[in-house]
Amino acid sequence: MSKKIVALLPMKANSTRVKGKNFRDFCGKPLFRWILDSLLAVDEIDLIVINTDAKDILAENGLTDTDRVMIRERKPEICGDDVSMNLVLADDVANVEADIYLMTHTTNPILSSETIREAIAKYSQSQDKGTADSLFTVNKIQTRFYREDCSPINHDPDNLIPTQNLDPWYEENSNLYLFDKKSFSETQARIGKKPMMMVTPAIESSDIDTPDDWDKAVITVQYLIQQGLIKAQ
């Protein structure tokens, strides 16, 4: 029996460090459309739920409810910059049934449909085997880290080895989270008690949080367009 997969794409009107970023033009179309189009291209996803306080702005940008997109008006008590994202997700999980929930952000415009499919397949297999209750994506980092006092963290300065031989560290990159209702209920969070990690391609793993992040993402997309790896809008 096929699993019902629901993608959760929360979206708010305001943003703190990059004003209006969710709806700002990003290489030819509003930022939110990049990840939304990638999700829509994944046939395994049955429904995309957008929990938002910006329904009117979405309508102005041509987005309303469809057979695969559900726009949910965000409740006043879970609006605002200081509200935990887990509270927003909890509202969606409580009101929309699914076997697998996939959560991502409008701020991940370069994440590809292929990577999303790979994450779904890996998590679904782990569900069936009982080896993991959730999945989150990470950046694999092999470099030398120091504390503020210049003391080394993960290497020996007196015995330098090539960085590719250092033990890898893994950085949560906020690109994708997959979980089910049981996992979420146990932690009230998108990462469960028995998670697995998936390394995403470095070139896709942008998360726009600052003006510098925005500029770097634009440069990356322009390069990918020039190389014919993605289509210009």
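The structure is a predicted model, in which local features need pLDDT of at least 70 and side-chain atom pairs count only at pLDDT 80 or more, while totals for chains, interfaces and linings use all residues. Residues are numbered from 1 along each chain as its sequence is written, and side-chain values use heavy atoms, with hydrogens and water left out.

The protein contains six helices and nine strands; helices (H or I, at least four residues) and strands (E, at least two) are DSSP runs, numbered from the N terminus. The radius of gyration of the protein is 19 Å, close to the 17 Å that the globule rule gives for 233 residues, so the protein is as compact as a globular protein of that length. The radius of gyration is taken over C-alpha atoms, and the globule rule is 2.2 Å times the number of residues to the power 0.38. The C-alpha trace spans about 60 × 40 × 35 Å along its principal axes. Of the 233 residues, 45% count as buried, where buried means under 20% relative accessible area, exposed over 50%, and partly exposed in between (1.4 Å probe, protein chains only). Among contacts (heavy atoms within 4.5 Å) with a separation of 6 or more, 71% are accounted for by residues 24 or more positions apart.

Seven strands form an open sheet in the order S5-S4-S1-S6-S8-S7-S9, with mixed pairing; two strands pair if DSSP finds at least two bridges between them. Strand S5 (69–73) and S9 are the edge strands, each pairing on one side only. From one strand to the next, the twist averages 35°. Axes are lines fitted to C-alpha atoms, for helices over the stretch in contact, and angles run from 0 to 180 degrees between N-to-C directions.

Within this sheet, S1 is covered on both faces, with Ile5 and Ala7 buried on one side and Val6 and Leu8 buried on the other. S1 pairs with S4 in the parallel sense over three bridges, and Ile48 in S4 is the bridge partner of Ala7. The pairing of S1 with S6 is also parallel, over four bridges. Here Ala7 stands opposite Leu102 in S6, and Leu8 stands opposite Met103. Both faces of S6 are likewise covered: Ile100 and Leu102 are buried on one side, and Tyr101 and Met103 on the other. S6 pairs with S8 in the antiparallel sense over three bridges. Across this pairing, Leu102 stands opposite Leu178 in S8, while Phe179 in S8 is the bridge partner of Tyr101.

Helix H1 lies across S1, strand S4 (47–52), S5 and S6, running at about 155° to S4. H1 is mostly covered, with eight of its ten residues buried. These buried residues are Leu31, Phe32, Arg33, Trp34, Ile35, Leu36, Ser38 and Leu39.

Helix H4 lies across S1, S6, S7, S8 and S9, running at about 80° to S8. At 1.5 Å a residue, the 17 residues of H4 (residues 113–129) should span 24 Å, in agreement with the 24 Å between the end C-alpha atoms; the expected span is 1.5 Å times one less than the number of residues. Buried positions in H4 are Ser113, Thr115, Ile116, Ala119, Ile120, Tyr123, Ser124, Ser126 and Gln127. These residues cover an arc of only 165° around the axis, which puts them on the same side of H4; the arc is that of the directions from the helix axis to the C-beta atoms. On the other side of H4, Glu114, Asp128 and Lys129 are exposed. The buried residues of H4 pack against strand S1 (5–8), helix H1 (31–40), strand S6 (100–103), strand S7 (134–141), strand S8 (169–179) and strand S9 (195–199). H4 is followed by Gly130, with a positive phi near 75°.

Cys150, in the loop between S7 and S8, has a positive phi of about 75°. Cys150 is exposed, with a relative accessible area of 58%. Gln188, in the loop between helix H5 (181–187) and S9, has a positive phi of about 55°. Gln188 counts as partly exposed, at 45% relative accessibility.
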